[in-house]
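Good morning, colleagues. I would ask you to look at the model on the screen while I describe its core, one of its chains and the interface.

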Amino acid sequence: MINLSMRPLGKAQWNAQCARHLLNRAGFGGTPTQVDALVAMGPEGAVDYLLNFESVSDEAISDTLFDRHIRRPLTDEERSMVQEARRSNDEDALAQVQKMRNERDGLDRKQAQEVQKWWLGRMIETGRPFEEKMTLFWHGHFATGYRTVEDSFHMFQQNQLFRKYATGNFARLVGSILRDPAMLKYLDNDDSKKGKPNENLARELMELFVLGEGNAYTEHDIKEGARALTGYTFEDDAFRFNPAQHDGESKTILGQTGAWDGDDFARLILSRRESSEFLCGKFYRFFVNDAPGMPNEKTKVVTTALAAELRKKQYEIKPMLKMLFRSQHFYDAANMGATIKSPVQLTVQTIRELGVPPRDLATLNAATDLMGQSLFMPPSVKGWECGQSWINTSTFFVRQNLAVYLITGKRPEAFDWDESLANWDTSALEAAIAARTGGDSAKDPDALLDIILAVNATPTRRAQFRAFTDSLTGAQNGSSKDGGPLTRTLKLRGKALVHALCLVTSIPEYQLC
Amino acid sequence: MDPITPFSRRIFLQQGITLASMVGTIPWFLQHSAQGMLSSDRSVSSRAGVPEDRILVVVQLGGGNDGLNTVVPYGSDEYYRARPSLGILAPGKDKGALELDKKIGIGLHPNLTGFKDLFDQGQLAVVQGVGYPNPNRSHFASMDIWHTGSSKGRSEGWIGRYVDCTCAGSPQADAEIAIGRTAPLAMIGVKTKPVSFENAKLFQWMGKDLPSDMTNMSDPYDTMNRAGSLSGIEAGSQAAFLMRTALDAQLSSDRIRAAMAKTPLVAYPNTKLATQLKSVGAMIRDQMKTRVYYVSIGGFDTHSGQANSHGNSMREVGDAILAFQNDLKAQGNDGQVVTMVFSEFGRRVKQNASGGTDHGTAAPMFIVGAKVKGGVHGTHPSMTNLDNGDLKYTTDFRSVYATMLDQWLDTPSAKLSNKVLGQAYPNLKFLRG
C-alpha cells in the first residue's frame with residue numbers, strides 16, 4: 001500500500017536512499033559525499049538546507065553579463081536612415097538597412113547560444129541546486145521561446161525573473177510575468193490594443209499558467225480577460241503600461257464585474273481553488289511521479305493537501321514544497337525512481353553525481369536538443385511534456401552516448417579520440433564504493449549500482465553486472481586467485497571504473513530519477 | 001554454463017527472444033511485426049482498406065526556395081522586369097528554362113534536368129502557387145506552420161498526428177523515420193515519435209568502440225539492453241517502459257544498419273540530399289514497415305549572390321530525386337512510393353540589390369512517383385496582382401496534405417485529413433486513381 005501521509009518522515013526512516021532521492025528531485029543529484037552530508041543533517045535539516053538556499057553563497061549574476069543593446073530600439077538617426085531608404089527605394093540604401101538587420105540577427109543568435117551555455121553551466125556548478133531546479137520548473141511552466149521572442153537579453157531577463165521568484169510568491173510571479181517583455185512578445189500582447197484585443201496571453205494565462213485547461217472558465221472569460229490586458233506592452237527592456245491602448249471599460253471575468261486591469265484579472269483567477277490544485281498537480285509530476293496519469297485517483301489527496309497549504313499561505317511556494325519534501329509520501333518506495341530524467345536533468349546529474357568533467361557546454365546543449373529539450377526553446381507555450389515523452393528509440397541512443405561522452409570525452413562522431421580524456425579523478429567515487437563494501441571487493445559492483453541507480457537493481461541486473469565486472473578485473477589483474485592483496489583492493493578503480501560507468505549509464509534504469 | 005553469465009552473443013539473443021515472447025514483455029516493434037505476419041497479403045493491413053505498403057517521402061528545402069526561379073514564368077514580362085539580372089531566359093535561349101508548358105509560358109530551372117526527365121515520363125506533378133493565408137515571413141514560424149498544418153502554434157505535426165490517428169493507440173517504433181540531426185516537428189505526435197538519425201553508424205551505442213584491451217563491452221551491453229522487461233519489474237512501470245524501449249532501439253538499429261549495408265542498385269550523386277535518399281531507398285528495399293520518411297537540406301536562403309548557389313541547389317535536388325526514382329524502379333518498388341517536395345516559403349518577386357531575393361510567400365511544390373498524375377496542376381500566381389510585392393497563393397498547402405492523407409495514405413472514404421488537419425480541405429488531382 002502506498003503511503004499517502006503528508007506527515008513528516010521520521011528520523012528513524014531517514015537514510016542514504018532518502019537523502020539521495022531528495023537531492024535528485026530537489027536538485028540534480030550529487031556525489032556520495034554530498035549524500036552523506038544530507039544524511040547527517042536529518043530529514044528536516046536536509047530539506048531546510050536545500051530549500052533555504054539563500055544562506056549558501058553563490059556567484060552573483062550581474063546584469064551586465066550579456067549585452068542588452070543588441071536589440072535596442074533604433075536611434076533617431078538610424079530610424080530616419082531606414083525611412084529614407086524605404087522612401088527613396090534606393091537599392092544601395094535598402095541593402096545597407098538589410099545588412100544592418102542581418103548583422104543584429106546574427107549577433108543576437110550567437111548571444112542566445114551564450115545564454116544557453118551560461119545557464120547549463122550554472123546548473124552544473126551551482127551551490128544552490130534547488131534555486132536552479134525551480135528556475136527550470138518555471139521556464140517549463142511559463143514556457144517562452146527564443147525563436148519567437150528573438151531577443152536573447154529578454155530571455156535572460158526572464159530567466160532572472162524565474163530565479164528571483166524561484167521559491168517566492170506565485171501570485172507575485174504571475175503579476176511579474178504579465179509585465180515580462182519576453183512573455184508579452186511571445187504571446188503577442190505587445191500588440192494588444194483597446195478595441196482590438198489579442199487573446200493569446202489571456203487564454204494561456206487561464207489554460208496553461210494558472211487555472212488549467214477547461215477549469216472554471218469560458219471563452220467569454222478569455223475575451224474579457226484579453227480586454228483587461230490591453231495596453232500591457234514593453235519598450236526596450238522594460239514593461240510599459242500604455243493607458244491610451246488600455247480598455248478601461250467594465251468587464252465581467254468569472255462572474256465578477258468591474259473596470260478590471262491585468263492585475264485584477266490575475267487576482268480573480270488566482271482566487272479560484274482550481275488554480276492552486278492545477279499548480280500543485282504540475283509540481284507533483286515534476287517532483288514526485290511523472291508516470292502516465294499521475295497524480296491519479298489515489299494520489300490526488302496529496303495534491304489536494306498541497307493546494308490547501310498553498311492557499312493557506314497566500315500562494316507562498318516554499319511552505320508547500322517543504323511540506324511535500326518532508327512528507328512520508330514523497331519517500332514512499334513507489335515514488336523512488338518514478339520520474340524519468342529530463343535531458344537537462346540527465347546531463348547535469350551525470351556530471352554532478354559522478355564528478356566527471358563537464359566537457360564542452362556547446363556540445364552538451366546540442367545533446368539536450370537532440371534529446372528533445374533545448375533551453376529557452378520549448379516546443380510550444382505548453383512547455384515540455386516530460387515523463388515518458390522524453391523517451392523513444394532515437395533519444396535513447398543519444399542518452400546513452402551522452403553518458404559515454406561525459407565519462408570518456410569520446411564524441412559519437414570522433415575518429416581521433418584522445419584517450420587521456422577518460423582519465424579523470426575517480427578517487428571520490430572509489431572511496432564511496434569502499435565505504436559501502438567495508439573492503440570486500442566482491443561487493444563493489446552492487447555498491448556501484450546502489451550509488452548510481454535511483455531504483456533498487458533487480459537480482460537479475462545485479463548478476464549481469466557482476467558477470468561484467470568479473471571479466472573486467474580478470475583482464476586487469478590477471479587470474480590470480482591466491483588471495484592476498486588482490487581481494488582487499490577495489491575491483492572497480494581507475495580505468496575499470498570508467499568502463500563500468502559506461503555500462504551502468506547505458507542500462508534502462510539509469511534514465512530513472 | 002552458469003545461466004547468468006553467458007558470454008556468447010548467440011545465447012544473449014536467444015534469451016532476448018525467449019523473454020520477448022512472454023505476454024506483457026513483447027516489445028512494440030516485434031508486436032507489430034507479428035501482426036504483419038498474420039496477414040498473408042502484404043498489401044492488406046489489420047485495418048480494413050488501409051494499404052500498408054504505401055510510402056510517403058517528404059523532402060524539405062530549408063531556407064525558402066525561390067519558386068519563381070524553380071518554375072520560371074518565362075512568358076511574363078513582369079518577371080523579367082522584377083529580375084533584371086536573376087531572371088532565367090525562355091527555353092531555347094542560352095541557359096534557358098526547360099519547357100514545362102508552352103501555353104502558360106512556364107519552364108523549369110535549367111539545372112533541373114532530373115525533374116525534366118521525370119516530367120517527360122509523366123512522373124512529376126508541379127503544384128503551382130502553394131501557400132497559406134496571412135503568410136509569415138520568419139523561417140521558424142513559417143516552417144512550424146508547414147509542419148503543424150496550423151498557424152496556431154501546435155506542438156504536434158501533421159505526420160505525427162496521422163500516425164497517431166491510424167495506430168490504434170500503439171505506434172510502431174519505426175512508423176516514421178527522419179534522416180537528420182533532430183526529429184522534424186512534422187513527425188512529432190502525442191503517441192508517435194520518429195526514429196531519427198543523421199548517420200546510421202551513429203544510431204547505436206558508442207561505448208562498444210572503447211578500446212577493448214580490457215574487456216568486450218558489446219556483449220554485456222546487449223545482455224543489459226536486449227532483455228526486454230526483467231523479472232521483478234512491475235508491468236506498466238516506468239522501468240518496464242524503458243526496458244521495452246531499449247529493446248526496440250536495439251532492434252531498430254540492427255534493422256536499419258543491416259538495410260544500409262547493401263550496395264544500392266543504381267549510382268547516386270555524391271550530394272547531401274542524394275546520400276539521404278540513398279538511405280531511404282535502402283530501407284524501402286529492405287521492406288521496412290516505415291510509412292513516412294523525411295529528408296531535408298538547407299541552403300535556400302539566397303539573400304545575395306543567388307544565381308550560383310541556387311543553381312547548384314537545383315542541380316542537387318533534381319539529380320538526387322531522379323536517382324532515387326530510378327533506384328525504386330530498379331527495386332520494383334516505384335509503385336509504392338510518392339515523394340513530396342516543399343519549402344517554408346518562396347521569395348519576393350523583385351530581386352534585391354545584392355543579387356539575391358528576400359523572404360516571400362507562395363511557391364510551387366513537387367510530387368514525384370509512378371502513381372502520380374504528371375503535369376502542371378493549379379494556377380500560377382499572378383505576376384501583377386501582388387500583395388505588397390509578394391505572390392498571392394492559389395493553393396493551400398493543406399490541400400496537398402489532405403490529398404496525400406485521403407488518397408495515398410488512407411482509403412478515400414475515411415477522410416483522415418479532417419481528423420489530422422482539424423478541418424476539411426479540398427483534395428487535388430495529382431494522384432492517379
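I begin with the largest nonpolar core, which has 252 residues; B:Leu56, B:Met340 and B:Ile367 touch the most other members. Such a core is a set of buried Ala, Val, Leu, Ile, Met, Phe, Trp, Tyr and Cys residues joined through C-beta atoms within 7 Å, and buried requires 20 or more other C-beta atoms within 10 Å of the residue's own, with C-beta atoms placed from the backbone. Leaving aside residues up to four places away in sequence, B:Ile367 touches B:Ala125, B:Val127, B:Val338, B:Met340, B:Val372 and B:Phe430.

This is a predicted model, in which local features need pLDDT of at least 70 and side-chain atom pairs count only at pLDDT 80 or more, while totals for chains, interfaces and linings use all residues. Residues are numbered from 1 along each chain as its sequence is written, and chains are lettered from A and ligands numbered from 1 in the order in which they are written.

Of the 433 residues in chain B, 53% are buried. The average pLDDT, the predictor's confidence in each residue from 0 to 100, is 85 for chain B. Over residues 1–50 of chain B, however, pLDDT stays under 50. Where pLDDT is low, the predicted coordinates should not be read in detail.

Turning to the interface, 53 residues of chain A are in contact with 47 residues of chain B, contact meaning C-beta atoms within 7 Å. The model scores ipTM 0.94 and pTM 0.85.

Methods:
Contact = placed C-beta atoms within 7 Å. Buried ≥ 20, exposed ≤ 12 C-beta atoms within 10 Å, placed from the backbone.
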